[in-house]
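Morning, everyone. Please have a look at the model on the screen, and then I'll walk you through one part.

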Amino acid sequence: MKINRLKLITYSPTGTSEKTVKAIQQGIGIDYDIVDLTLPSSESKNYTFDESDLAIIAAPVYSGRIPPVAVKRISRLKASNTPTVLVVVYGNREFENALLELKNVTEPNGFRAFAAGAFIGEHSFDTPKTPIATGRPDAEDIKKAKEFGEKLKEKIEKIDKLDDHPVPGNYPYREVKSSTRSPVTNPDTCILCGMCARVCPTGCVTVSDTVETDSSNCTACTACVKNCPTGARYWDNEGVLKAAKWLSTDYAKRKEPEFFL
C-alpha cells in the first residue's frame with residue numbers, strides 16, 4: 001500500500017492525544033500534517049482525504065465514550081477509501097466502547113480502519129491530591145507509541161487491500177448522563193489573561209472584567225484548569241471531586257497501551 005502523506009487528526013483539549021499520535025508518527029517515519037479539531041474554529045473548515053493519505057484519528061475517552069463535541073467534528077471529515085488508524089486515550093480506568101464508537105463515526109465517511117490502539121493519558125481530574133495517571137503519556141508510553149508506529153509501517157508495506165478490522169467494544173454504547181458543571185475561578189489569583197477562554201474546546205468561557213463559564217456547554221475536559229498560569233481555575237463540584245477520589249483510589253494501578261493490529 002503506497003502512502004504519500006500522514007494526516008494526524010486530533011481532538012486533544014489537554015494535549016495527551018496529540019502527544020500520542022506524534023509519537024506514533026515518529027515510528028512510522030512519514031511526513032505529516034496536523035488536523036486539529038480541538039477548538040471551535042475547526043468547524044468552519046472543510047477537510048478531505050483520499051487513498052494516498054494515511055489518517056490517524058485520535059480522541060480522548062470520557063466515561064467510556066468519545067465526547068459528543070469530538071464526534072460532531074470528526075463526523076464532518078470526508079474521506080475516500082482512506083487507510084486509517086484509530087486511537088483513543090483514556091485516563092487509566094477503561095476505554096470501554098470508545099474505539100468502536102470512533103470506528104462507527106468514521107467508517108460511513110470513507111475512512112477504512114486497518115489498525116487501532118488504546119493509550120493512557122493523564123486524567124482530566126488529576127490533581128496532586130487525587131493523582132490519576134499523572135504525567136502520562138510518559139517516556140514509557142511514548143516509547144510504546146513509537147513501537148506501535150513501527151508495527152504500522154511494517155503492516156502498511158505488506159498489505160495491498162484494506163480489509164475490515166474489528167475493534168473491541170459493544171453496541172448499544174454505555175449511556176452517559178448529561179450534567180451541568182464546570183470549573184470555577186478564584187478572583188484573588190486570576191489575572192484575567194484569557195487563557196481559559198482561548199483553550200476551551202466549546203467556547204464556553206468568556207473573560208472581561210470577570211471570568212464567566214456557560215456550564216451547560218462545559219465538557220469537563222479541564223483544559224482551562226491545566227493551562228491556567230496562576231492556578232486560578234479549579235473544581236469545587238462535589239460530584240467531580242468525589243469521582244476524582246474514587247478514580248485515584250480504585251484505578252491507581254498502572255495500565256498499559258493496547259494495540260489492535
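This is a predicted model: local features need pLDDT of at least 70, side-chain atom pairs count only at pLDDT 80 or more; totals for chains, interfaces and linings use all residues.

Residues are numbered from 1 along each chain as its sequence is written, and side-chain values use heavy atoms, leaving out hydrogens and water.

First, the sheet. Six strands form an open sheet, in the order β2-β1-β4-β6-β7-β12, with mixed pairing. Strands are DSSP runs of E, at least two residues; helices are runs of H or I, at least four; both are numbered from the N terminus. Two strands pair if DSSP finds at least two bridges between them. Which strands sit at the edges? β2 (32-36) and β12 (258-260), each pairing on one side only.

Now β4 and β6. Strand β4, residues 53-60, runs parallel to β6, residues 82-90, and six bridges join them. Ile56 has Val85 in β6 as its bridge partner.

Next, helix α3, residues 98-106. It packs on the sheet and touches β4, β6, β7 (111-120) and β12. Contact means heavy atoms within 4.5 Å.

Last, Thr82, in strand β6. Is Thr82 buried or exposed? Buried, with a relative accessible area of 0%. Buried means under 20%, exposed over 50%, partly exposed in between, with a 1.4 Å probe and protein chains only. A polar atom of its side chain lies 3.1 Å from the backbone oxygen of Asp50.

Key. Axes are lines fitted to C-alpha atoms, for helices over the stretch in contact, and angles run from 0 to 180 degrees between N-to-C directions. A polar contact is a pair of N or O atoms within 3.5 Å; within protein, one must be able to donate a hydrogen and the other to accept it, and residues adjacent in sequence count only if both atoms are side-chain atoms.
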